[in-house]
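Welcome, and thanks for taking a look at this model. Please have the sequence and the structure open while you read.

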Amino acid sequence: MSNNAIPQTAKQREHNENKAEETKEPRGPLQTEHGVTTIDESVVAKIAGMAAREIPGVYDMGNAVRRAFSAVTDRIPNAQTNVAGGISVQKGETQAAIEVTVVVEYGVSIVEVSDAIRRNVIEQIEGTTGLEVVEVNINVTDVHLPEDDSNKSEDTDLK
């Protein structure tokens, strides 16, 4: 049991730890030697929401409750559209995971729409925030049927 290493004093250990911290490389475009940029989850959610809405075949975002709430707020003058609706974000310092909840148009390929959403969300978030997107999960909660629009117009004609 021979250990030839000489024990370090507390001052030596502190010096070595400080030297190791000084040589740390930045961990991504948001952590530089001149400072750290933090991006709120709501910012990431808005970017993801806009990116998902750009995809043809996406009719609406969110679950039934969120869509009902949006229908009410859309009737309020000067109310802002909630572009982050239907988006859930889990974000760390350098990475993000996104969950997107959508309603798709009848007749579109859910697989193709999901792939397009995933590609666009990853491209937009990584391009605008510098965060690495580790996953984009898509939850399709409904299919919008063409007759849904005709039923709504009949309801408004009757009033």
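## The overall picture

Keep in mind from the start that this is a predicted model. The protein's secondary structure consists of 5 helices and 6 strands. Read from the N terminus, these elements follow the order α-β-β-α-β-α-β-β-α-β-α.

How much of the protein is buried? Of its 159 residues, 28% count as buried. The protein exposes about 11,300 Å², and 50% of that area is supplied by carbon and sulfur atoms. If you are curious about sequence range, take the contacts in the protein with a separation of 6 or more: 75% of them join residues 24 or more positions apart.

## Where helices α2 and α4 meet

Two packed helices can be described by the angle between their axes and by the distance between those axes. Here the pair is helix α2, residues 41-53, and helix α4, residues 110-129. Their axes come within 8 Å and cross at roughly 140°.

On the α2 side, the contact is made by V44, I47, A48, A51 and A52. Helix α4 contributes I117, N120, V121, Q124, I125, T128 and T129.

## A96, a residue of strand β5

A96 sits in strand β5, which covers residues 95-105. Is A96 buried or exposed? Its relative accessible area is 1%, and buried means under 20%, so A96 counts as buried.

Leaving aside residues up to four places away in sequence, A96 touches Q90, K91, L131, E132, V133, V134 and E135. There is also a link back to the helix pair: V44, one of the α2 residues in the contact with α4, lies 8.5 Å from A96, C-alpha to C-alpha. In sequence, A96 and V44 are 52 residues apart.

## V43, a residue of helix α2

V43 belongs to helix α2. With a relative accessibility of 38%, V43 counts as partly exposed, whereas A96 is buried.

How far is V43 from A84 in space? The C-alpha atoms of V43 and A84 are 8.6 Å apart, and the two residues are separated by 41 residues in sequence.

Note on methods. Residues numbered from 1 in each chain as written. Predicted model: local features only at pLDDT ≥ 70, side-chain atom pairs only at ≥ 80, totals over all residues. Heavy atoms only, no water. Axes fitted to C-alpha atoms, helices over the stretch in contact; angles between N-to-C directions. Helix = DSSP H or I, 4+ residues; strand = E, 2+ residues; numbered from the N terminus. Contact = heavy atoms within 4.5 Å. Buried < 20%, exposed > 50% of the residue type's maximum accessible area, 1.4 Å probe, protein only. Areas by Shrake-Rupley, 256 points an atom, 1.4 Å probe, with all protein chains shown as cover.
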